[in-house]
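Here's a quick tour for anyone meeting this structure for the first time. Take a look at the picture, then read on.

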Amino acid sequence: MRALTVLLGMVSCLTCVTVGGTASAHAEIISLAADLSGVTQVPPNPSKGTGSVSATLDTRTRMLTWKGRYSGLTGQPLAAHFHGPADAKKNAPVVVNFDTLASPFDGTATLTEAQATDLLAGRWYVNIHTP
């Protein structure tokens, strides 16, 4: 199975702030953005597919909201989701599934405190799986 992937936060995170183990006294909306490419897959693959994902995280509610798009995949997507926690050269289990596979896509999920911490530490990535 080929996948288009990127680590959120480690590859091209914008305005990322690390949150400690306790809830912030003041809510922030943190913006994240990433480009998708088969080159960043572990192991890398020759997919010509490209894409992008932008997301926001409300640090008070831990509501993650995302939108993205892709093109040039090797086939119709079979699954798409966030994985984590993982270091840059490691794979990780699925954390949040995408409800929509067609491009463009969007979604929301409420994260646990640990998930939000891992996301903001750059330990999540996005995969769009194709046959």
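How many aromatic pairs does the structure hold? In this predicted model, there are 6 aromatic pairs.

**Aromatic rings**
- Take F82 and F98: their ring centres sit 5.1 Å apart and their planes meet at 65°, so this pair counts as edge-to-face.
- The two partners come from distant parts of the chain, 16 residues apart, with F82 in strand β5 and F98 in the loop between β6 (94-97) and β7.
- Both F82 and F98 are buried.
- F82 and F98 also belong to one aromatic cluster, together with W66, Y70, F105 and W124.

**The nonpolar core**
- The largest nonpolar core has 23 residues, and the ones touching the most other members are L64, W66, F82 and L111.
- Two or more residues of this core come from each of β2 (29-37), β3 (50-58), β4 (63-71), β5 (79-83), β7 (105-110), α1 (113-120) and β8.
- Leaving aside residues up to four places away in sequence, L111 touches L57, R62, L64, V96, A116, L119 and W124.

- You'll find H129 in strand β8, which covers residues 124-130.
- Is H129 buried or exposed? H129 has a relative accessible area of 12%, and because the cut-off for buried is under 20%, H129 counts as buried.
- The H129 side chain makes a polar contact of 3.0 Å with the side chain of H81.
- Another polar contact, at 3.5 Å, links the side chains of H129 and N127.

How values were computed. Residues numbered from 1 in each chain as written. Predicted model: local features only at pLDDT ≥ 70, side-chain atom pairs only at ≥ 80, totals over all residues. Heavy atoms only, no water. Helix = DSSP H or I, 4+ residues; strand = E, 2+ residues; numbered from the N terminus. Buried < 20%, exposed > 50% of the residue type's maximum accessible area, 1.4 Å probe, protein only. Polar contact = N/O pair within 3.5 Å; in protein donor to acceptor, adjacent residues only side chain to side chain. Core = buried A, V, L, I, M, F, W, Y, C linked by side-chain atoms within 4.5 Å. Contact = heavy atoms within 4.5 Å. Phe/Tyr/Trp six-rings, centres within 6.5 Å; stacked < 30°, edge-to-face > 60°.
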